[in-house]
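Subject: Structure for your review

Dear colleague,

Please find below the structure for your review. My notes on it follow directly after.

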Amino acid sequence: MNLRILYHGLGMAGKTTNLEKLREIYSGYVSDRLHQQTTEGRTVYLDMLSLNLRTKSGNGEVWISLFTTPGQERFRLLRGWLFGHVDGIVFVVDSSRSLEENLRAYEELREYGLLKVPMVVQANKRDAPNPLPLETIREAFKGITVVEAIAREGYGVAETLREILREVLNAKAPVG
Ligand SMILES: Nc1nc2c(ncn2[C@@H]2O[C@H](COP(=O)(O)OP(=O)(O)OP(=O)(O)O)[C@@H](O)[C@H]2O)c(=O)[nH]1
Ligand SMILES: [Mg+2]
């Protein structure tokens, strides 16, 4: 089975940091890692991590490809392609930015008709000074699992992946 998960969110929200930490955590399972970045570390075009895992649910071998959306406006054209091929979405909230700013990135998912795709919200940068209250985030994303994270320290990163895989596999399971 092949699963494609997209990490989406504001520029600088910590999407690439998630993939970097996952690469360390699952180092024995990495089959590919591609990332182009500017000297400031902003993602340019492509950011992908492929993992070869086995799930407990008896699905056998699972290939998981994780992608991130490059946050900068100049890569807007890529969105159609990235958004067109997803089994699940991790929406990365930057807790150091306002809810309004974060929701602007969320609105893009609506524009592309992706709100029905299995989704998990990661409340990242919980170490920021005066982070956006967790309650505000939970209220804004009612009905969606919210995972707290400090991606830069690796905290919450594996849990986020586990949660989105659970959502995706549940959605794929035959009903009844
Ligand atoms: N304080 C804090 N900083 C973080 C955290 N996670 C990531 N960062 C920092 O935020 C900056 C941006 O992180 P990236 O992972 O490159 O963000 P991105 O979403 O991939 O950005 P683009 O590719 O430009 O869209 C980097 O300096 C990270 O070290 C966190 O949990 N807390
Ligand atoms: Mg990036």
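This is a predicted model: local features need pLDDT of at least 70, side-chain atom pairs count only at pLDDT 80 or more; totals for chains, interfaces and linings use all residues.

Residues are numbered from 1 along each chain as its sequence is written, and chains are lettered from A and ligands numbered from 1 in the order in which they are written.

Ligand 1 is surrounded by 21 residues, the closest being Gly14, Thr16, Thr17, Thr43 and Gly71; a residue counts as near if its C-beta atom, placed from the backbone, lies within 6 Å. Helix α1 (residues 15–25) contributes the most to this shell, with 3 residues. Helices here are DSSP runs of H or I of at least four residues, and strands are runs of E of at least two, numbered from the N terminus.

In helix α3, Asn102, Ala105, Tyr106 and Leu109 are buried, that is, 20 or more other C-beta atoms lie within 10 Å of their own, with C-beta atoms placed from the backbone. These buried residues pack against β1 (2–9) and β5 (88–94). Just after α3, Gly113 adopts a positive phi of about 65 degrees.

Beyond its neighbours within four places in sequence, Ile164 is in contact (C-beta atoms, placed from the backbone, within 7 Å) with Ile5, Gly88, Val90, Pro118 and Val120. Ile164, Ile5 and Val90 are also among the residues that touch the most other members of the largest nonpolar core, which has 35 residues. Such a core is a set of buried Ala, Val, Leu, Ile, Met, Phe, Trp, Tyr and Cys residues joined through C-beta atoms within 7 Å.

Yours sincerely

Notes:
A residue is buried if 20 or more other C-beta atoms lie within 10 Å of its own, exposed if 12 or fewer, and partly exposed in between; C-beta atoms are placed from the backbone. Two residues are in contact if their C-beta atoms, placed from the backbone, lie within 7 Å.
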